[in-house]
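Here is a brief report on a structure. Please look over the sequence and the fold before reading on.

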Amino acid sequence: MDYFSEKELACKCDGCETKMDSEFMERLIELREHCGFPFKLTSAYRCDKHNTDVGGYPGSYHVKGRAVDIQVYGENASKLLSLVRRYGFRGIGISAKGDFSKRFIHLDNREHAAVWSY
């Protein structure tokens with residue numbers, strides 16, 4: 001991938017495959033190019049077991065290869081949020097509490113818009 005390594009896209013379980021949706025990845029790359037700053041992914045594809053282990057929602061878009069969590073805060077978070085809908089991301093979860101290094105924005109391309117906080 002242009003900006004993302006197999007390692008950061010892969011499930012955190014040993015031996016799991018990376019199964020990111022190609023259309024999702026095209027949109028993510030376009031968004032990354034438009035933003036002009038690196039995206040540090042803290043979560044991308046998850047197998048069912050890993051999703052359960054981390055307390056992920058059953059049927060999570062991470063399991064479908066259609067979601068990422070991007071470590072971001074401050075001005076870059078504002079820029080990212082101002083652009084996500086343009087690139088087809090309709091699931092937006094925001095973690096903006098605590099240590100800056102733990103803050104992230106979840107993006108997925110579900111059918112209907114949803115915004116939530118962690």
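## Strand β2

Is strand β2 (residues 67–71) largely enclosed by the rest of the structure or exposed? In this predicted model, four of its five residues are buried, so β2 is largely enclosed.

Strand β2 has partners in β1 and β4. Three bridges join β1 (residues 40–43) to β2, and the two run antiparallel. Here S43 has D69 as its bridge partner. Five bridges join β2 to β4 (residues 104–108), again antiparallel. In this pairing V68 stands opposite L107.

## Nonpolar core

The largest nonpolar core holds 28 residues. Among those with the most contacts inside it are V68, L107 and F39. Elements giving two or more residues to this core are α2 (22–35), β2, α4 (74–83) and β4. The largest share, six residues, is from α2.

F39 is buried, at 5% relative accessible area. Beyond its neighbours within four places in sequence, F39 contacts F4, E8, L28, L31, R32, I70 and L80.

## Aromatic pairs

The whole structure has seven aromatic pairs. The rings of F4 and F39 have centres 6.4 Å apart and planes at 40 degrees, so this pair is tilted. It links distant parts of the chain: F4 lies before α1 (6–9), F39 in the loop between α2 and β1, 35 residues apart. F4 is buried, at 3% relative accessible area. Ring pairs link Y3, F4, F37 and F39 into a cluster. R32 lies over the face of Y3, 4.2 Å from the ring centre.

W116 and Y118 have ring centres 6.3 Å apart and planes at 75 degrees, so their pair is edge-to-face. W116 is partly exposed at 25% relative accessibility. Y118 is partly exposed at 41%.

Conventions:
Residues are numbered from 1 along each chain as its sequence is written. This is a predicted model: local features need pLDDT of at least 70, side-chain atom pairs count only at pLDDT 80 or more; totals for chains, interfaces and linings use all residues. Side-chain values use heavy atoms; hydrogens and water are left out. Buried means under 20% relative accessible area, exposed over 50%, partly exposed in between (1.4 Å probe, protein chains only). Two strands pair if DSSP finds at least two bridges between them. A nonpolar core is a set of buried Ala, Val, Leu, Ile, Met, Phe, Trp, Tyr and Cys residues joined through side-chain atoms within 4.5 Å. Contact means heavy atoms within 4.5 Å. Rings of Phe, Tyr and Trp (its six-membered ring) pair if their centres lie within 6.5 Å; planes under 30 degrees apart count as stacked, over 60 as edge-to-face and the rest as tilted. A charge sits over a ring if NZ of Lys or CZ of Arg is within 6 Å of the ring centre and within 35 degrees of the ring normal.
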